[in-house]
Amino acid sequence: MRDLLLETDNLEKRFGAVQASKHLSLQVARGEVHALIGPNGAGKTTVIKQLAGEIMPDAGRILFDGQEITCLPAHRRARLGLARSFQITSIFEQMTVAENIALAVQAHMGHSFRFWRAAANDRQLLEPTESALERVGLEQRSRVPAASLSYGEKRQLEVGMALAGNPKLLLLDEPMAGMGPGGTVKMTELIQRLKGSLTILLVEHDMHAVFSLADRITVLVYGESIAVGTAQHIRSHPEVRRAYLGEEQE
Amino acid sequence: MSFSPFRRRLVLGTGLTILLLLPAMASFAGDPYLITLFSRILIYALAAVSLDLIIGYGGMVSLGHAAFVGIGAYVVGILSFHVQDGSLLLSWPFELQASDAALLVWPAAVLISALMAVLIGSVSLRTSGLQFIMITLAFAQMLFYLAVSLEAYGGDDGISIWSRNRLPLVDLSDDSSFYYICLVCLLVFLYLSHRLVFSRFGRVVRGAKQNELRMQSLGFPTYRYKLVCFSIAGAGGGLAGVLIANQNEFVSPGLLHWTHSGELIVMVLLGGMGTLFGPVFGAAALLLMEELLSAYTEHWMVFLGPFLILVVLFAKRGIYGWLSGAGGNHA
Amino acid sequence: MLLFFEQLLNGLQLGVMLFLMSAGLTLVFGIMRVINLAHGSLYMVGAYVAATVFLHSGSFLLGLLAALAAAGMVGMLMELLVLRRLYGRDHLDQVLATFGLILFFNELTVVLWGRQPLFMNVPELLSGTIEVIPGAPYPSYRLAIILAGILVAGFLWFLFNHTRLGMRIRAGASNREMIAALGVNIKLLNTLVFGLGALLAGLAGAMAGPILAVESGMGESILILTFVVIVIGGIGSIRGALIAALLVGMVETLGGFLLPALLRLFLPAATADGAGASLASMSVYILMAAVLVWRPHGLFPAHE
């Protein structure tokens with residue numbers, strides 16, 4: 001049995017008449033890049049939200065690093081090492097780039113009921129902030145207000161914030177969304193660099209990126225997992241071709 | 001955004017100089033009422049700064065801040081009532097003597113206001129947006145009715161305080177000394193708030209204002225941080241209440257009335273939301289305007305109302321932002 | 001026991017008033033996402049106009065109609081001049097601007113009518129009492145209020161369930177994007193909804209005239225209870241407003257009656273009356289806090 005970092009056991013989630021997750025059992029091994037793909041409306045973001053703790057499943061269990069986290073609130077999961085980036089850029093626009101990252105660093109350094117010392121000169125925050133900035137290639141932009149970054153840079157910052165706490169698992173919700181070809185290449189390189197140092201669950205529409213990055217792929221259709229396997233395996237899977245790739249090949 | 005440190009220092013320096021020299025200027029001008037008026041301004045500034053901590057930095061629009069001002073004032077009033085009366089504050093479960101020593105009464109009042117803020121905040125902060133506004137309003141109103149129903153303490157009519165609290169070395173009944181005590185309280189609170197806003201805690205609170213969901217996914221239990229911020233603001237409001245009770249030598253349910261909360265919001269926005277010093281300018285502007293307009297007409301509110309609407313629609317940066325060229329959330 | 005029934009009717013009557021106030025306001029919240037503190041001012045306008053016209057013409061009906069017209073018009077003007085500019089802005093801006101409106105209206109009534117409260121008589125026709133329950137005469141005017149409330153509730157039910165306009169408004173209150181998708185003229189719809197809310201507030205004010213003193217600032221105490229109703233009922237929900245209004249009306253009225261009696265069972269009479277009165281005045285807010293701990297979005301949230 002391989003070493004699983006994240007496992008879901010028969011997740012169920014309904015929104016009214018729509019079944020967003022159906023008997024969903026997902027397995028992410030430690031150290032792999034696992035991609036979650038599927039046509040629009042397949043329930044990919046719903047899965048991410050359930051894993052991150054933003055919505056609670058109707059039934060089923062979620063195990064993370066050997067611990068059941070099904071009912072834990074989002075902030076507790078983050079503390080356990082489960083970080084996520086958002087599909088729609090979700091950064092603190094009124095703060096500088098460095099402050100954005102520093103907040104993420106701060107979240108993993110014990111409580112923040114520290115009322116006195118100025119956070120901007122806090123040595124304990126500065127060093128990890130700088131290294132996180134370097135990891136996503138934003139070290140030149142650290143003093144710039146986040147609002148004035150370019151779109152691609154905002155996406156980098158988005159991922160940088162998720163990385164700053166040295167998570168065990170990174171949930172990337174469409175990191176390439178809305179990017180031009182140049183940005184996509186840059187982001188692919190970034191994820192490639194991260195590969196091996198942590199586990200990544202990647203939701204992405206850019207199939208080129210998915211096939212070049214993912215160790216294994218799970219295909220989701222109408223909330224249900226219809227196939228799991230390597231890129232090779234998925235490409236040739238008949239059901240996948242019919243349900244999914246067939247529609248995508250214009 | 002034009003941000004000039006020099007202009008900012010000039011504005012703050014001028015303001016501070018005026019406040020420091022005010023009693024001297026008042027006696028030079030032969031108008032002791034100025035001292036009373038400016039003491040009032042300082043006290044309301046303190047209340048407004050504390051409100052700005054939650055509105056401007058924490059994004060929690062409370063329409064019930066006057067409740068904490070009222071609680072602080074009532075603690076002073078009730079204690080002084082018992083001191084005057086010679087009766088015990090509590091006879092059960094243990095006997096407790098009332099006191100009028102400022103060093104005892106003031107911290108107690110501030111603490112009680114903060115605890116009430118924890119209580120009110122813990123329910124209110126389960127909601128956000130419109131509901132939060134209405135709930136804070138409703139809680140304040142609840143305490144207002146509680147104060148009205150306190151027959152033993154004057155009910156509707158409130159409590160007259162026979163003498164201001166006692167402080168060693170300083171005679172609070174002297175208006176100039178009292179003025180300086182108010183100034184010290186305001187400056188200390190401003191300094192504490194300054195530390196707070198730029199600390200790790202302050203960053204978390206500002207982050208929660210901008211994007212609460214993201215803060216949670218980063219690992220912050222935002223509710224707790226907001227609650228602590230809410231109660232710190234409550235403590236500030238309580239201190240302002242303590243000073244008001246001492247200045248007026250009178251407390252009444254009117255202090256807790258929701259229009260009073262509304263006025264505090266006006267001060268914050270008028271001065272500049274999310275700036276530490278803005279609310280001080282806002283308090284000064286509103287109270288001075290009230291003073292000037294009411295000299296001309298008793299119906300000055302007919303003009304104040306539309307003026308507020310114009311401020312909202314066209315002058316969002318507030319007086320401080322306009323004077324110093326600074327936008328919100330920087331200082 | 002008879003006293004209890006009388007209090008029950010009083011609670012019902014307060015509930016009806018609260019429903020009239022909250023039905024419009026909850027729609028304004030739901031559709032326009034705007035907090036309007038000046039809703040109580042429309043109630044006040046209704047009361048003042050009704051009282052004045054009634055005093056001069058001697059006709060209650062004329063007073064009532066004038067009040068409706070005045071409140072509706074003032075409401076639509078308010079929307080056109082001020083609130084329209086606040087949609088989509090920070091709630092804080094809305095609070096401040098509508099707080100400005102309150103100050104303006106309160107002072108304006110003082111300028112126009114003076115600080116002395118106006119007193120308005122109950123119309124001749126309704127000045128008697130009716131024995132709804134044998135042995136307990138109840139003022140027919142208050143019964144008329146209850147009846148009016150039932151009629152309005154019926155009218156609103158018809159409007160929102162059986163007319164195109166009403167269904168669109170309701171759709172908008174639960175999903176704002178829906179309205180744009182349906183191709184409705186949003187500006188006009190907003191003004192209409194606001195006017196309807198103002199009309200109902202004016203009606204409540206005019207009917208309150210003979211029961212309460214008509215004075216500057218009279219709109220605020222009912223406004224705050226209205227907020228409580230809306231929060232309990234769930235923002236944007238008419239059904240929630242109706243149920244919560246009756247609930248709040250009952251708790252407010254019966255609390256003042258029952259709590260002191262209840263406390264007398266195990267406290268000395270004087271203490272019980274004092275504590276009972278304070279508890280009673282706080283009971284509505286305690287109810288609200290309890291509901292929110294249980295359901296943070298109210299009993300019948302229209303959104304989600």
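**Where chain B meets chain C**

Across the interface of chain B and chain C, the rule finds 4 residue pairs in polar contact, both residues at pLDDT 80 or more. A polar contact is a pair of N or O atoms within 3.5 Å; within protein, one must be able to donate a hydrogen and the other to accept it, and residues adjacent in sequence count only if both atoms are side-chain atoms. On the side of chain B that touches chain C, α5 (129-149), α10 (258-271) and α12 (301-314) each give two or more residues. Of these, α5(B) gives the most, with 14 residues. Helices here are DSSP runs (H or I, at least four residues), numbered from the N terminus.

This is a predicted model: local features need pLDDT of at least 70, side-chain atom pairs count only at pLDDT 80 or more, and totals for chains, interfaces and linings use all residues. Residues are numbered from 1 along each chain as its sequence is written, chains are lettered from A in the order in which they are written, and side-chain values use heavy atoms, with hydrogens and water left out.

How many residues does the contact take from each chain? It takes 41 from chain B and 43 from chain C, where contact means heavy atoms within 4.5 Å. About 4,000 Å² is buried between the two chains, and carbon and sulfur atoms give 81% of that. In chain B, the residues losing the most area to chain C are B:Leu130, B:Met134 and B:Trp258, together 17% of what that side buries. Buried area is the accessible area (1.4 Å probe) that two parts lose on being put together, summed over both.

There's also 1 salt bridge across this interface. A salt bridge puts a side-chain nitrogen of Lys or Arg within 4 Å of a carboxyl oxygen of Asp or Glu. B:Glu298 forms one with C:Arg115, their closest N and O atoms being 3.3 Å apart.
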